[in-house]
Amino acid sequence: MPKAYVFTRYGGPETEAFAELDRPSPGPGQLLVAVRAAGVNPVDWKLRGGLRRPGDTGERVFPAVFGSEVSGVVEELGDGLTGFAVGDEVFGNTVAGGYAEYALLSAEVTAHKPARLSFADAATLPVAAATAYDGVRQLDLPACATLLITGAGGGVGAAAVQIARNFGLRVVGVASAAKKDFVESLGAVHVPAGPGLAERVRAAAPDGVDAVYDLVGGAVLAEAAGLLADRTKLISAGAAPQTVAELGGSRVARARTAAVLDAVADLVLGGRLNPYVTRRFPLDRADEALRSVEDGHALGKTVIEVAV
């Protein structure tokens, strides 16, 4: 039976297990994909802890497979689905997990993988790169404006820095001191994370910042918000909607369309976006892959690869 990495109830790492599950069957508007690579994201362990995404309804069915983004090869199509064929190489958002040999994808958020795009790179785009793209587009800043990005050394942050720079923005990136060289290599001015953040940002950007793209939440978000005169230019993918709203900002509005996936893939192919896959694990080490992201020190993107 196909293998998958799951959590059996809400909680911590003790709820995780490898499992053999029936091969899923695609419903209307869905594709069954033989997974080649799956991206690992902080939201994966947050869902294990009980996080509810906006729009989630009903009770989660356990065991629940980890993972929100994959690339792979189409094995089967849901009834009446057009635009895809068995054998197509695709990437997209999963319906019910992706740390597995097989995954279901929603056709609305699935794109054809260009031949020059590797499966590993493609698997990082539906969550991290697409979130980064949606946020930068949402802010709609003019060229040469200054954007502060917190969590600039992670998967979403690294993509956001590159996309913002591609849009002609000046970027100040907040990340740990250990990620200074990486953040600067992306084209951002690095500011170390930690207490006193606002003062360091003011020193790095004496003319002020025009917007904040937060990927951390908590005290970092609150301090960064204080740097803005216009709180409508405060967005977050790292805090709850109510928390951001109380500070006068809003959550990143996700488009969740195949068009966005095509756009970020084009950026990669054009050399304007490097997914920075820095760690790769086989499926039978999915637990290690998840730990490498959950410890909060991941640089760039971590990917789980499924052997053919």
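The structure holds 12 salt bridges, a salt bridge being a side-chain nitrogen of Lys or Arg within 4 Å of a carboxyl oxygen of Asp or Glu. The model is predicted, so that local features need pLDDT of at least 70 and side-chain atom pairs count only at pLDDT 80 or more, whereas totals for chains, interfaces and linings use all residues. Residues are numbered from 1 along each chain as its sequence is written, and side-chain values use heavy atoms, with hydrogens and water left out.

One of the salt bridges joins Arg 23 to Glu 75, with the closest N and O atoms 3.6 Å apart. This pair links distant parts of the chain, 52 residues apart, as Arg 23 lies in the loop between E2 and strand E3 (30–40) and Glu 75 in strand E5 (residues 69–77); helices (H or I, at least four residues) and strands (E, at least two) are DSSP runs numbered from the N terminus.

An open sheet is formed by 3 strands in the order E2-E1-E4, with antiparallel pairing, where two strands pair if DSSP finds at least two bridges between them. Strand E2 (16–20) and strand E4 (64–65) stand at the edges with a single partner strand each, so one side of each has no neighbour in the sheet. Strand E1 (residues 3–7) pairs with E4 in the antiparallel sense over 2 bridges, and Phe 7 stands opposite Ala 64 in E4. Helix H10 (residues 286–294) packs on the sheet, where it touches E1 and E2, and its direction makes about 145° with that of E2; contact means heavy atoms within 4.5 Å, and axes are lines fitted to C-alpha atoms, for helices over the stretch in contact, with angles running from 0 to 180 degrees between N-to-C directions.

Helix H3 (residues 125–139) packs with helix H9 (residues 258–269) at an angle of about 90°, their axes being 9 Å apart, which makes H3 roughly perpendicular to H9; angles under 35 degrees count as roughly parallel, over 145 as roughly antiparallel, 65 to 115 as roughly perpendicular and the rest as oblique. Residues of H3 that meet H9 include Leu 125, Pro 126 and Asp 134, and their counterparts in H9 include Val 260, Leu 261 and Val 268.

The axes of H3 and helix H4 (residues 155–166) come within 8 Å and cross at roughly 45°, and the two helices are therefore oblique to each other. Among the residues that meet here are Ala 128, Thr 131 and Val 136 in H3, and Gly 155, Val 156 and Ile 163 in H4.
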